[in-house]
Amino acid sequence: MSEIANVRSSSTGIAHVSSQATAAFNRISWGAVFAGVVVALATQLLLNLLGVGIGFAVLDPAGSDNPEASTFSIAGGIWFIGAGILASLVGGYVAGRLSGRPSSTTGGYQGLTTWAATTLVILYLLTTSVGTLVGGAFQGLSSLIGGAGQVATAVATAVAPAVENTADPFGAIERQIREASGGSDPQSLRSAAVSAVRAAITTDEANAEDARNRAADAVARAQNIPLDQARTQVQRYEEGYRAAVEEAKQQAARAAEVAATTLSTAAIAGFLSLAIGAIAAWLGGMAGTKKAIVVDEDH
């Protein structure tokens, strides 16, 4: 750091700093960044452990007075975001202080670099097998990063019934046909009726009328009812099938809309929390900067 000492003052009292000294003043200190990362990780670890402890402390073992699971999730998310911002501030401050740079802007960059390195380290820990070593301390960030995956799982769960109904909305109709009584050979007649009704419902419009007549005949024999009544029954089956398909499509559309909204909200919340953490790290780095400059006038 001999360049830093290369500062002279003129008769006007204005300090003149050489280009080498300026470069030294603004050079990043990776040792300070590393120290800031370590302190930030440790701070977040401690705060998350404190949050877990407080969370378990408010639980009622008997289960009579426990808050809802959604309340715990929201409170845990807020706690983790706050812990991350505070850890960023502390890590940035340490990096700015240990860098020894007299420029507050340089200290801010030290803090911002510390925040970026800390974020990448946590991402690495949570996306590799090494993440198992950190346990539940970073569970909040894991949930935040894994939000897309969790949303995708929730969407799959919500959409699955709709998709299943769309793939075979005939299931409920088949149960109705098989549960109906009548006919001399219930098993075979009901199976024939199921096949005929399915063909009538799913066939193209050109062959629909013939398919409906065959279905009505099969239902009449299977349920031992008049042909006219069987035709009415087939018409009800067809209407029920179309209603089931439409309802399944609406469920899938609603589930997709909820999924898109949830994913968008999670992404925006993640962006805001990380952005605030970056600002906190910058401010911490500036606050930790040593303002005093020692001027060597011996020469």
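**Figure 1. Buried residues and surface of the protein.** In this predicted model, 32% of the 299 residues of the protein are buried. The accessible surface amounts to about 17,100 Å², and carbon and sulfur atoms account for 63% of that area.

**Figure 2. Helices and strands of the protein.** The secondary structure consists of ten helices and two strands. Read from the N terminus, the order of elements is β-β-α-α-α-α-α-α-α-α-α-α. Of the contacts between residues at least 6 apart in sequence, 67% join residues at least 24 apart.

**Figure 3. Helix 4.** Helix 4 covers residues 104-127 and has 24 residues. From its first C-alpha to its last, helix 4 reaches 35 Å, close to the 34 Å expected at 1.5 Å a residue. The buried residues of helix 4 include Thr106, Gly107, Gly108, Gln110 and Gly111. Further along the helix, Thr114, Thr118, Thr119, Ile122 and Leu125 are also buried. An α-helix has 3.6 residues a turn, so residues three or four places apart point the same way.

**Figure 4. The aromatic pair of Tyr109 and Trp282.** The count of aromatic pairs comes to one. Tyr109 and Trp282 form this pair, with an edge-to-face arrangement. The ring centres of Tyr109 and Trp282 lie 4.8 Å apart, and their planes make an angle of 85 degrees. Tyr109 belongs to helix 4, whereas Trp282 belongs to helix 10 (residues 227-287). The pair links distant parts of the chain, as the two residues are 173 residues apart.

**Figure 5. Exposure of Trp282.** Trp282 counts as partly exposed because its relative accessibility is 23%, and buried means under 20%.

Terms used. Residues are numbered from 1 along each chain as its sequence is written. This is a predicted model: local features need pLDDT of at least 70, side-chain atom pairs count only at pLDDT 80 or more; totals for chains, interfaces and linings use all residues. Side-chain values use heavy atoms; hydrogens and water are left out. Helices (H or I, at least four residues) and strands (E, at least two) are DSSP runs, numbered from the N terminus. Buried means under 20% relative accessible area, exposed over 50%, partly exposed in between (1.4 Å probe, protein chains only). Contact means heavy atoms within 4.5 Å. Accessible areas come from the Shrake-Rupley method with a 1.4 Å probe; for residues, only the protein chains shown count as cover. Rings of Phe, Tyr and Trp (its six-membered ring) pair if their centres lie within 6.5 Å; planes under 30 degrees apart count as stacked, over 60 as edge-to-face and the rest as tilted. The expected span of a helix is 1.5 Å times one less than its number of residues.
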